[in-house]
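Me: I have a structure open and would like to learn how to read a few of its features. Could you walk me through them?

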Amino acid sequence: MQDLLNSLPERESLEAALDLMRRSPYTDVEKKLSNLIDVVPELSSELLYNVDQPLKIAHDTKAKKDYLLCDYNRDGESYRSPWSNQYFPPLKDGVSPSKLLRQLEIDVNDAFDVYRELYYEGGVSSVYFWDLDEEPDFGACILLKKSQDQTKRGQPMKGCWDSTHVLEVIHNDNNTAQYQLTSTVMLTVETKDNETGTVSLAGTITRQEERKVEVYAPHDHLVNIGITIEDMEFRLRNVIENIYFCKTKDIVNELRTSEGAAELKQKKNLPGRGLKVQKE
């Protein structure tokens with residue numbers, strides 16, 4: 001594989017590597033990505049940017065709160081906390097949002113901290129803002145992570161939900177702004193009991209949306225971002241529940257019925273089965 005990837009032009013080599021990651025099972029994505037980078041180290045930056053990985057948690061020792069790591073709060077080998085606006089490990093002259101945008105970042109973080117508690121009942125959330133070339137345009141990244149080791153009934157279960165929402169906000173001249181949103185959810189579920197053994201499901205889903213919203217003051221973005229992310233997460237959850245899980249159940253039922261041979265035979269021999277309806 002190494003000779004094949006290295007023989008291709010750089011763009012084709014990147015597309016082949018990304019296609020390989022897309023076709024690989026989602027479990028152990030970090031290990032597989034690391035192995036792929038060892039094969040084509042010259043593509044490491046592009047691969048790290050384009051391949052979705054589970055979110056990692058760090059601790060802000062100043063604010064005494066956890067925060068999530070991603071490319072949008074990284075500068076070199078340090079990561080900026082949204083709670084204290086400091087980099088860990090400490091970094092001089094690290095990139096930070098402008099004063100007005102930083103205040104909006106603080107308020108949106110507080111709002112999504114409440115959102116996380118209401119919808120996830122735990123977990124970690126982080127929101128990062130950055131200035132774009134044209135003021136007052138800006139970019140934002142909203143991250144949510146929830147891990148769980150057992151169900152509410154106390155049954156063994158390993159599960160993790162990672163949401164990454166990247167938003168670009170472009171202001172118009174008529175008190176409106178264009179929101180360009182790309183959302184990705186990564187989900188892993190593993191259950192284990194005596195009846196079914198170990199069952200693992202894992203995958204990722206990405207959706208994009210663009211909408212125009214009214215903006216009369218900077219803090220209007222707080223409401224608009226909250227509504228936009230809430231709507232998207234509802235849709236993504238419904239897609240996962242109604243399509244992926246239900247489709248998996250249908251496939252399993254097609255492969256192997258849950259009813260025993262005796263039950264199927266009994267249904268087949270029910271009185272009246274196969275009788276035609278007589279027309280009067």
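Reply: Let's begin with Asn-175, which is partly exposed because its relative accessibility is 41%. Buried means under 20% relative accessible area, exposed over 50%, and partly exposed in between (1.4 Å probe, protein chains only). This is a predicted model, where local features need pLDDT of at least 70 and side-chain atom pairs count only at pLDDT 80 or more, while totals for chains, interfaces and linings use all residues. Residues are numbered from 1 along each chain as its sequence is written, and side-chain values use heavy atoms, with hydrogens and water left out.

Me: Where is Asn-175, and what is its phi?

Reply: Asn-175 sits in the loop between β8 (156-171) and β9 (176-193). Strands (E, at least two residues) and helices (H or I, at least four) are DSSP runs, numbered from the N terminus. Phi of Asn-175 is near 60°, a positive value in a residue other than glycine. Asn-85 also has a positive phi, near 65°. Its place is the loop between β4 (78-80) and β5, and Asn-85 is partly exposed, at 24% relative accessibility.

Me: How do I read a helix, and which residues of α3 are buried?

Reply: The general idea is that an α-helix has 3.6 residues a turn, so residues three or four places apart point the same way. In α3 (residues 29-39), the buried residues are Val-29, Leu-33, Leu-36, Ile-37 and Val-39. Seen down the axis of α3, these fall within an arc of 150° (taken from the directions from the helix axis to the C-beta atoms), so they line one face of the helix. On the face turned away from that buried side are the exposed residues Lys-31 and Asp-38.

Me: Which peptide bonds are cis?

Reply: One joins Phe-88 to Pro-89, with omega near -10°; Pro-89 lies in the loop between β5 (87-88) and α5 (99-120). Another joins Glu-135 and Pro-136, with omega about 0°, and Pro-136 is in the loop between β6 and β7.

Me: Which residues gather in the patch of negative charge?

Reply: Asp-131, Asp-133, Glu-134 and Glu-135 form that patch on the surface. Patches are made of residues with over 30% relative accessible area and no salt bridge, with like charges joined within 9 Å. A salt bridge is a side-chain nitrogen of Lys or Arg within 4 Å of a carboxyl oxygen of Asp or Glu. Glu-135 belongs to the loop between β6 (124-131) and β7 (138-150), and is exposed because its relative accessible area is 74%.

Notes. Patches are made of residues with over 30% relative accessible area and no salt bridge: like charges are joined within 9 Å, nonpolar side chains (Val, Leu, Ile, Met, Phe, Trp, Tyr) within 5 Å. Accessible areas come from the Shrake-Rupley method with a 1.4 Å probe; for residues, only the protein chains shown count as cover. Lys and Arg count as positive and Asp and Glu as negative; His and the chain ends are not counted. The place of a charge is taken as NZ of Lys, CZ of Arg, CG of Asp or CD of Glu.
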